[in-house]
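Subject: Structure handover

Hello,

Here is the structure for your files. My notes on what was found follow below it.

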Amino acid sequence: GTVPTARLGSGTANNTVFLRGDGTWAAAGVDGITSSADATAISIDANEIVTMPKQPAFSASMPDTSNLTIQSFVKLNFNAEVFDQNADFNTSTNTFTAPVSGRYLFTMFVEAAEIDNQCTQLRFDLNTSNDNLMEFSRTEPDVLNNADMSRFGACGSILANMDANDTAHVQIYYGGGQAQMDVYSSSRFEGVLIC
């Protein structure tokens with residue numbers, strides 16, 4: 001049969017509160033989870049796979065770049081997006097900006113070539129607002145021996161603590177020798193909000 005609508009002693013059920021089985025009123029939602037989302041923030045499909053369509057995540061690539069400047073930090077020109085899930089990577093400035101405070105995992109691969117054997121230091125760094133220089137890789141001159149290095153790949157990952165609006169970019173320091181080092185388009189800069 002049909003159960004008639006219960007008479008409520010006080011309060012009104014609406015889209016923000018409901019009457020619990022113990023006769024008390026509670027806020028709609030799940031305990032411990034807050035949301036101000038105006039669209040689907042978390043999806044769980046029939047296979048119980050969870051996706052978050054606005055979770056910050058990006059992958060950026062760059063064109064071949066020749067004859068990098070020596071004796072200074074050079075921001076790499078990651079000016080093309082492979083993907084940018086929440087539009088947080090700026091291809092004009094080659095910079096990621098954190099939309100919220102949290103821990104971000106960054107990965108980097110840079111393929112360099114034609115490194116002068118007179119180079120005294122070669123560094124591949126992640127520069128963030130909170131930690132000015134986090135080295136992914138460093139090559140000292142004894143690695144170069146007596147000949148120019150035709151190819152060198154540097155890769156790494158860093159879990160960085162970032163506040164909302166902090167920025168991150170990849171840079172190279174090429175010290176000494178001739179300005180002849182190139183960086184290839186196979187290079188990538190990627191990041192994702194972990195927690």
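**Glu 114 and its surroundings**

Beyond its neighbours within four places in sequence, Glu 114 is in contact with Met 149, Ser 150, Tyr 174, Gln 180, Met 181 and Asp 182, where contact means heavy atoms within 4.5 Å. The model is a predicted one: local features need pLDDT of at least 70, side-chain atom pairs count only at pLDDT 80 or more, and totals for chains, interfaces and linings use all residues. Residues are numbered from 1 along each chain as its sequence is written, and side-chain values use heavy atoms, with hydrogens and water left out.

Glu 114 is partly exposed, at 36% relative accessibility (buried is under 20% relative accessible area, exposed over 50%, partly exposed in between, with a 1.4 Å probe and protein chains only). Glu 114 belongs to strand 10, residues 102–115. The C-alpha atom of Glu 114 lies 9.0 Å from that of Val 183, which is 69 residues away along the chain.

**Strands**

The chain has 16 strands and zero helices (DSSP runs numbered from the N terminus: strands are E, at least two residues; helices are H or I, at least four). Strand 16 pairs in the antiparallel sense with strand 10 over six bridges and with strand 5 (residues 57–61) over five bridges; a pair needs at least two DSSP bridges between the strands. Arg 188 in strand 16 is the bridge partner of Phe 109 and also stands opposite Ser 61.

In a regular strand the side chains alternate between the two faces of the sheet.

**Chain totals and cysteines**

Of the 195 residues of the chain, 35% count as buried. Of the contacts between residues at least 6 apart in sequence, 69% join residues at least 24 apart.

Zero disulfides were found in a search of the whole structure, a disulfide being a pair of cysteine sulfur atoms within 2.5 Å. Cys 119 is buried at 2% relative accessibility, whereas Cys 155 is exposed at 53%.

Regards
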